[in-house]
Amino acid sequence: MFNIFKKSEEKTEDKESSDGLFSRLKSGLSKTRKVLTTDINELFVDDKEINGKTFTILSNLLTGKIALMIDSIQSKELAQALEFLGDSIFMIQMMNCDMAPCYLKFIRENLPQAQIVIDKFHVIKHVYDAVQQTRLLIRKQLFKQMHKEKRRKEKEKVKIANFLN
């Protein structure tokens with residue numbers, strides 16, 4: 001038999017499981033701070049939207065583990081959260097990120113020793129967008145030129161028809 005309440009029950013379970021995930025994540029991060037903050041020479045910073053909230057996630061590129069997660073993308077708030085990592089922030093040599101101004105500002109101001117590496121996905125996306133914009137501009141110009149040529153040919157046909165008559 002079809003249950004009309006099935007979807008709402010699933011949503012409730014999903015919300016409960018995600019809340020449980022965050023509480024477990026917080027607990028796990030506080031217990032394993034020392035493990036997560038050793039060997040953090042290379043970090044990746046990105047944002048993720050979860051249940052309508054935007055989180056910034058700093059993860060270790062070598063181990064793939066989350067070193068820090070905060071529910072903000074503001075540079076000042078990220079700097080405050082960075083204190084969680086303690087003196088290990090001075091070991092960070094490379095930060096991989098997208099081209100978001102907030103992350104670039106955050107890295108420049110708080111991790112001056114770190115080299116900034118832009119994520120290749122975002123570089124490729126910008127190149128693709130530029131190529132697409134150029135392609136559309138050329139296409140528009142060609143259609144305009146073809147339309148002018150078509151009108152010119154029609155005018156010539158009218159002139160020839162008038163001449164013959």
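Analyst: Val131 lies in helix α5, which spans residues 120-164; helices here are DSSP runs of H or I with at least four residues, numbered from the N terminus. The model is predicted, so local features need pLDDT of at least 70 and side-chain atom pairs count only at pLDDT 80 or more, while totals for chains, interfaces and linings use all residues. Residues are numbered from 1 along each chain as its sequence is written, and side-chain values use heavy atoms, with hydrogens and water left out.

Val131 is exposed, at 52% relative accessible area. In this scheme buried means under 20%, exposed over 50%, and partly exposed in between, with a 1.4 Å probe and protein chains only. Together with Met99, Val123 and Val127, Val131 forms a nonpolar surface patch of about 310 Å² accessible area. Such a patch takes residues with over 30% relative accessible area and no salt bridge, nonpolar side chains being joined within 5 Å; a salt bridge is a side-chain nitrogen of Lys or Arg within 4 Å of a carboxyl oxygen of Asp or Glu.

Helix α5 also holds His122. Beyond its neighbours within four places in sequence, His122 is in contact (heavy atoms within 4.5 Å) with Asp98 and Met99. Cys97 is 25 residues from His122 in sequence, with a C-alpha to C-alpha distance of 9.0 Å.

Cys97 is buried, at 0% relative accessibility, whereas Cys102 is partly exposed at 22%. A disulfide requires two cysteine sulfur atoms within 2.5 Å. The sulfur of Cys102 has its closest cysteine sulfur in Cys97, 9.1 Å away, and therefore too far for a bond. The count is 0 disulfides.

Notes: Patches are made of residues with over 30% relative accessible area and no salt bridge: like charges are joined within 9 Å, nonpolar side chains (Val, Leu, Ile, Met, Phe, Trp, Tyr) within 5 Å. Accessible areas come from the Shrake-Rupley method with a 1.4 Å probe; for residues, only the protein chains shown count as cover. Helices (H or I, at least four residues) and strands (E, at least two) are DSSP runs, numbered from the N terminus.
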